[in-house]
Amino acid sequence: MTDTTLEFAPAAEPLEKNYLNEETTLWSWLTTTDHKRIGILYTLSITFFFFIGGLAIGVVRLELMTPHADIVSAEAYNRLFSLHGIIMVWFFLVPSIPTTLGNFLVPMMIGAHDVAFPRLNLLSWYLFMLGALFTLYVLIAGGVDTGWTFYTPLSTSYATGHVAAAAAGVFVAGFSTIATGVNFVATIHMLRAPGMTWFRLPLFVWSMYAVSLVMLLATPVLAMTLLLIFAERVFGMPVFDPAQGGDPLLFQHLFWFYSHPAVYIMILPAMGVVSEIFTCFARRRIFGYTFMVYALLAIAVVGFMVWGHHMFVAGQSALADLVFSFLSFIVAVPSAIKVFNWTATLYRGQISFEAPMLYAMGFLALFTLGGLTGLHLASVPLDIHLHDTYFVIAHFHFIMVGGTVSAFLGGIHYWWPKFTGRMYPESWARFAAITMSIGFITTFLPQYVMGYAGMPRRYQIYLPQFQIYHVISSVGAMILAVAYIMPLLYLGWSLLYGRRAGSNPWGATGLEWQTSSPPPKENFHGTPRVVEGPYVYHDAETASGSEQAAPRPQGAHR
Amino acid sequence: MIGFSDVPEISQYASAIDVKFIVLTALTGAMGILVFVLVIVFSIRYRRGSPASRAPLPRWMQRDVEIGWTVATLFTFLFVFWWMAGAQLSALAQPKTNFEIHIEAKQWMWKVEQPNGAREINAIHVPANTDVRLIMTSDDVIHSLFLPALRIKRDVLPGRYTYLWFKAQRPGTYNFMCTQFCGTDHARMIGHFVVMTPEDYARWSMAQPETDDLAREGARLFVSFGCSGCHAPGSRVHAPDLHGLYGRQIPLDGGGFVTADETYIRDCILLNKHIPAGYPPVMPHFQGVVNEEQVTSLLAYIRSLSAEQQGASR
Amino acid sequence: MSDSATILREPWPNIERQRYGAAFGIWIFLVTEMLFFGALFLNYAVNRSLHPEAFRIASHETDIVYGTANTLILLTSSLVMTLAERVAAANWRRLALTCLIVTASLGLAFLVVKGFEYSDDLSKGLLPGPNFALEPPSTQLFWGLYWIMTVVHAIHLTVGIGLVVWLSVLIARRVVPLGTTASEVISLYWHFVDVIWLTVYALIYLPGVA
């Protein structure tokens, strides 16, 4: 793929200078502008927040084993699920893949030495940590009991918790998201290696580009909305207050204008990750590369126009209901196309089932189940019954946890040798991947059923007929917890004792595999030159004829 | 889901929703199974080193297949949309009914006023086979009234009115609950929804403590708050006559029209928001003077003025 | 704008591309800023269409004199900022520095005028809350938005002043040469804050005299 030739590094290679051993002091990590180190910093941070958020929901699931209040008070229960939502959405899911895998891989995949603005990248991590740690402190020390949605006028006038402080924390973290978005867009536009044309970009890079656009256009609206909440709660400015004629629904419109695209911030990167994994382990070009690219962009664009489907019962006009329902069906089409394309990529492949592939297949199954139930929720008459029940909970957990977290873990395993220079223990990883899917389905499948049966969300005490589903769900959550803790242990172990990985243990294409593992500080010795499209896993003549995949003369770039 | 013991469906509407749910689940289930079967078959047939043929695909195939399933998915989804939207539009038609129950949600209870003025807390009694309309508002935050047995819910907002309507058919005791998170005791905002035969309902309703019905209560307030000083037909102040106001199109001072529904009248009383064309903006606002229950009574009175007039004109 | 004006940093292949990249970056950032203010302006539009009468009454209380004076000040500052850019391109050091200082001073003048206006508003009881001076209640919505819009804009302007002062100090101490990428980025930001003010002016002050 490049003219920095494919060298399989000898075992002694990690003694070479790489980004990890270049400098080893804590200070060198805290002041680094190396995108790879910032990626690692982010990985450690969001892993921490993931387990905090998980701990909170662990207590909630334990509480829900019985229909009565057993362990915590009503107020504590509300604070726990609010903590879970706020932490998981803003400090795990939104930054998850972009800031970790994205930071590490985007410059490497396009053959750049770093992101466009390395210091801004470091600043974004500090903003993230500032916002996240402050919010975490507020959530634990003071508590917020509005849920992650901050609906007015509950959040502005009635809630007892520290809403304003939490809003301020999320506000700050929002700027870290914007900084990441600016960086990725500029990087992908300006720093592609010679020959790396737009339609030779790996799909992961395309997904990062699409997600950056969504981040840039959606996050500022959230920032302003949180600022208005802050102004109303702290300074008494009437903005959404119905007593002065303010419109609480306006808050919901502004909030979902961010928060629905935020769902795509979470899932688009996951789609990018599994595209890389499927092609590598099926030894196959991606089926319909151009369609995959346009599907990503279509999801990003149409995703901005469907926010009203969160408000079918909120009292917006029937016409608005109709339009948003229509657009929600339309946005499902590109997602369906992607699922079909991944399936077709397997056709006539040479498939093997290492852990990343198992995670990717878990993603495919769970994302499909979650995506299809999205059609129920896009239908106005059905949503009127299902809205704010466990059906919705199950739906978005299938997408965000079944989808995004599976893909995140798959990506971590897939690029682990590149990050660390070591292999993870394969059989443990396969076991964890399968356990995760089983645990996930046990947890969330019953929630679809009880949702249709009328179990509302955010209820600590519930009608006794729902207990059986809650118990199954809680047992599943325990399995899920084990499946999440396992990688932490064996990946940690492999840091010290893992087998050394060569530069390209999977025999994958892509520029990131053409340099040593772990990569040197400047990523590549020299500038790579790209002469063909991504995913050249089988001979050119068997490559069922994608025009973009055809080799182009060198120097066609720019 | 039909016959699922926890989700009795007690109206025609609810049964129709169940059918839609089942058909859509079957349709999406078929799509899901198609994908799963293909993935499993490919995984076995094309596992690494298997003898299956990997001959190159013809060039035309990729594009045609891609366009094929894109169009197929698009049309399937459009069909589902059309089918669901049809149901949504037919459910929009509010029945003509005088059986109106006022519901006021507050942290963390439901206050219910029957058409005859009887009051209940966390319980709604309705007669079976009767069109019922709920007129709902909130005292504080946003709540949402969910009637699982009828498959309907609607958010209950402060500062405006929202509506639900239904015709329950099977007598029995069911649940209703709040589904919009509303603070500490959100999970306790749950009540009994009792459907009775019309005879039982009449008996139950007679047994309730005697109170004025809402319109009569409203007429009393109309005088005591001084509204009648300007709005009574014989008044010398130039203020709109409220007979026949409800439901009419009102021209506004700044141009444009607005329908005089509950929210409009409420805004006029509390916020003095809309000035009808041709009247000076002299009315004081009653924010903080008139409470939610009193607004409800005044509304009932103003509505009754229009009902009288309709009766008279017929 | 000579190529030697800026240090080449990782990961850029050459100075020209680096400069282009910085401008590209700030434009993307300004797009996000537009959406940030866009949410606020949308709020104004919705509330004004819901409460036309209250907004008419409320906007009469704004002081067009302060508003217009500030608009003139800010427009002049943008002009001077552009002059600074042009003069720097011609390498007239002293004049460029003077222009930057005038720009920052005009920014400060804006804040001072704003301060007088705020104290007038406060004495007229125009801060939303229990002692608010106007009727009906929804006039408070207008004044709530007035305070939020102007304060958020003033914060942006303060950041801008800080950046301009920082740039002129660096240039005066010859830490950076004239016409750096930073000055281009800062001037774009300055103009943006100016444009936001024009919108705020149209929404807050002009309806009162219409």
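## Contacts and salt bridges in a predicted model

Across the interface of chain B and chain A, 21 residue pairs are in polar contact, with both partners at pLDDT 80 or more. The side of chain B that touches chain A draws two or more residues from each of α1 (12-45), α2 (59-92), β7 (152-156) and β9 (172-178) of chain B. The largest share comes from α2(B), with 18 residues. By type, this side of chain B divides into 44 nonpolar, 18 polar and 17 charged residues.

The model is predicted. For chain B the mean pLDDT is 85, and 94% of the residues reach 70 or more. Among the elements of chain B, strand β6 (residues 143-147) has the highest mean pLDDT, 96. Helix α7 (residues 292-313) of chain B has the lowest, 73.

**Chain B against chain A**

This contact takes 79 residues from chain B and 96 residues from chain A. Together the two chains bury about 7700 Å², 69% of it on carbon and sulfur atoms. Three residues, B:R48, B:Q62 and B:F181, supply 10% of the area that chain B buries against chain A. That is more than any other three residues supply.

How many salt bridges are counted between chain B and chain A? The count is one. B:R160 forms a salt bridge with A:D247, and their closest N and O atoms are 2.9 Å apart.

**Chain C against chain A**

Here 35 residues of chain C meet 37 residues of chain A. Chain C and chain A bury about 3000 Å² between them, with 76% of it on carbon and sulfur atoms. Zero salt bridges are found across this interface. Three residue pairs are in polar contact, both partners at pLDDT 80 or more.

Which elements of chain C each supply at least two residues to the side that touches chain A? They are α1 (15-50) and α5 (139-172) of chain C. The largest share, 19 residues, comes from α1(C). The residues on this side of chain C divide into 23 nonpolar, nine polar and three charged.

**Salt bridges inside the chains**

Over all chains, the whole structure holds 21 salt bridges. The table lists some pairs within single chains.

| Pair | N to O distance |
|---|---|
| A:D388 and A:R457 | 3.6 Å |
| B:E113 and B:R119 | 3.7 Å |
| C:R56 and C:E53 | 2.7 Å |

Take the pair in chain A. A:D388 lies in the loop between α13 (380-386) and α14 (390-420) of chain A, and A:R457 lies in the loop between α15 (426-452) and α16 (467-497) of chain A. The pair therefore ties together parts that are 69 residues apart in sequence. Both A:D388 and A:R457 are buried.

Now chain B. Is B:E113 buried or exposed? B:E113 is buried, because its relative accessible area is 7%, and buried means under 20%.

C:R56 and C:E53 are three residues apart in helix α2 (residues 52-59) of chain C, so about one helical turn separates them. C:R56 counts as partly exposed at 44% relative accessibility. C:E53 counts as buried at 13%.

Some salt bridges share partners. In this way B:E100, B:R133, B:E262 and B:R303 are joined into one network.

How values were computed. Residues numbered from 1 in each chain as written. Chains lettered and ligands numbered in written order. Predicted model: local features only at pLDDT ≥ 70, side-chain atom pairs only at ≥ 80, totals over all residues. Heavy atoms only, no water. Contact = heavy atoms within 4.5 Å. Buried area = accessible area lost by both parts, 1.4 Å probe. Salt bridge = Lys/Arg side-chain N within 4 Å of Asp/Glu carboxyl O. Polar contact = N/O pair within 3.5 Å; in protein donor to acceptor, adjacent residues only side chain to side chain. Helix = DSSP H or I, 4+ residues; strand = E, 2+ residues; numbered from the N terminus. Nonpolar A, V, L, I, M, F, W, Y, C, P; charged D, E, K, R; others polar. pLDDT = per-residue confidence, 0-100. Buried < 20%, exposed > 50% of the residue type's maximum accessible area, 1.4 Å probe, protein only.
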